[in-house]
Amino acid sequence: LDLGESGAAPADSGGIDLGDELNDLFGAQAAVEEQPEPSSTDLGDTGLADIFKEFKKGVDKQLGKEDYDTRYNLGIAYKEMGLIDEAIAEFQLAAKDENRMLECSSMLGICFMEKGMPKLAVKWFDKGLKAPGRSEEEYAALRYDLATAHEAAGEAEAALNLFTDLYGQDANFRDVAAKVRDLRAARG
């Protein structure tokens, strides 16, 4: 990453530059990783946790809760950094925007699946399916994810019904044919 000469946003910019803030955060991670003795590189490291806490306070102060696009993008960045709880909080804020409802619901479902909480994932995938005006491909992908969450939650019958519905629409969609076959075989 190129942090520029100073690695920080100009003091006179008057606003927050998320790119610079994220670069500062990544720069702090790199500095921790380059230390010769073994050290923690996750947010459990006290110095990094403090930097991250200050970054989040600055973002919240600058953005407010209504900047949904930035909140969504920040959620994506947090998720890619493995900060699932922080990503969930951002996606929940961004989900208040009807235009982002399907994407946020999908990302929230994915995050809850990563946390081993499939019932919460089901809730969010269901909510995303209620978002109006989207393409059939988007709804199909969300139904597949919903079926996968039902399966992970031990709700095989609900999963089978969704996978069967998807199979009826497009037998070549992802691995839906195998999912239907496996769930029917498991049912006996």
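Author: Happy to! Let me begin with burial: a residue is called buried under 20% relative accessible area, exposed over 50%, and partly exposed in between (1.4 Å probe, protein chains only). By that scale Glu 114 is partly exposed, at 48% relative accessibility. A word on the source: this is a predicted model, in which local features need pLDDT of at least 70 and side-chain atom pairs count only at pLDDT 80 or more, while totals for chains, interfaces and linings use all residues. Residues are numbered from 1 along each chain as its sequence is written, and side-chain values use heavy atoms, with hydrogens and water left out.

Now the setting. The chain has nine helices and zero strands, where helices (H or I, at least four residues) and strands (E, at least two) are DSSP runs numbered from the N terminus. Of its 188 residues, 36% are buried. Taking a contact as heavy atoms within 4.5 Å, 44% of the contacts with a separation of 6 or more join residues 24 or more positions apart.

On to the salt bridges, each a side-chain nitrogen of Lys or Arg within 4 Å of a carboxyl oxygen of Asp or Glu. The count comes to twelve. One of them pairs Glu 114 with Lys 79, whose closest N and O atoms are 2.7 Å apart. Lys 79 sits in helix α3 (residues 68-80) and Glu 114 in helix α5 (residues 101-114), so this bridge ties together parts that are 35 residues apart in sequence.

Asp 145 is buried at 18% relative accessibility, whereas Arg 174 is partly exposed at 46%.

Glu 157 lies in helix α8 and Arg 187 in helix α9, a pair 30 residues apart. Glu 157 is partly exposed, with a relative accessible area of 42%, while Arg 187 counts as exposed at 51%.

Finally, have a look at Glu 103, Arg 134 and Glu 138: these residues are linked in a network of salt bridges.
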